[in-house]
Amino acid sequence: MLQSQLYSEPADVYSYAIVLWELLTRKLPYKGLTAPQVAMEVSKGGRPSVPPLSADVPAAWVTLMTQCWADEPARRPTFRAVLLALVALQRELSACASNGANPAPPVALAPAPHLPVPSEAELSAATGCGLR
């Protein structure tokens, strides 16, 4: 979008990745930069620094976040795929909390495959509601 491209879902997914980063770090991205400087940084592929994996930084969250801000908009997941990834993460964390265990230990991130686009039936099964 910063380079006179059409505005579409991938631009929103990128913005959501920045929100995920803010929730994870509780910081402002690109602090100290002006809006034009941020636009230039993003257009050159700059992204906020990813915190090291730890018990407070789930690998699945970081993987989702980095997929959502992929340089190539076509490589970003759809919001349907993001929803499924978040539901899976919530279920994992809930299961761990209910049995008193910690989530699986973080692992080094490898290039993750592109998230699949879920069907309407998969979304309904995962969330208990359909999306339109």
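Tyr30 is buried in this predicted model, with a relative accessibility of 16%. That places Tyr30 under the 20% cut-off for a buried residue. You will find Tyr30 in the loop between helix 1 and helix 2, and its backbone deserves a look too: phi is positive, at about 55°, although Tyr30 is not a glycine.

Stay in that loop for a moment and turn to Arg26. The loop runs between helix 1, residues 9-25, and helix 2, residues 35-43, and Arg26 is part of it. But is Arg26 buried or exposed? Arg26 is exposed, since its relative accessible area is 77% and the exposed class begins over 50%.

Now let us move on to charged side chains. Side chains of opposite charge can pair when their charged atoms come close. How many salt bridges does the count give? The count comes to one salt bridge, and the side chains that meet in it are those of Arg47 and Asp71, at 3.2 Å from N to O. Arg47 sits in the loop between helix 2 and helix 3 (59-68), while Asp71 sits in the loop between helix 3 and helix 4 (79-98), so the pair ties together parts that are 24 residues apart in sequence.

The two partners can also be viewed by their accessibility. Arg47 counts as buried, because its relative accessibility is 19% and the buried class covers values under 20%. Asp71, by contrast, has a relative accessibility of 55% and counts as exposed.

Technical notes: Residues are numbered from 1 along each chain as its sequence is written. This is a predicted model: local features need pLDDT of at least 70, side-chain atom pairs count only at pLDDT 80 or more; totals for chains, interfaces and linings use all residues. Side-chain values use heavy atoms; hydrogens and water are left out. Helices (H or I, at least four residues) and strands (E, at least two) are DSSP runs, numbered from the N terminus. Buried means under 20% relative accessible area, exposed over 50%, partly exposed in between (1.4 Å probe, protein chains only). A salt bridge is a side-chain nitrogen of Lys or Arg within 4 Å of a carboxyl oxygen of Asp or Glu.
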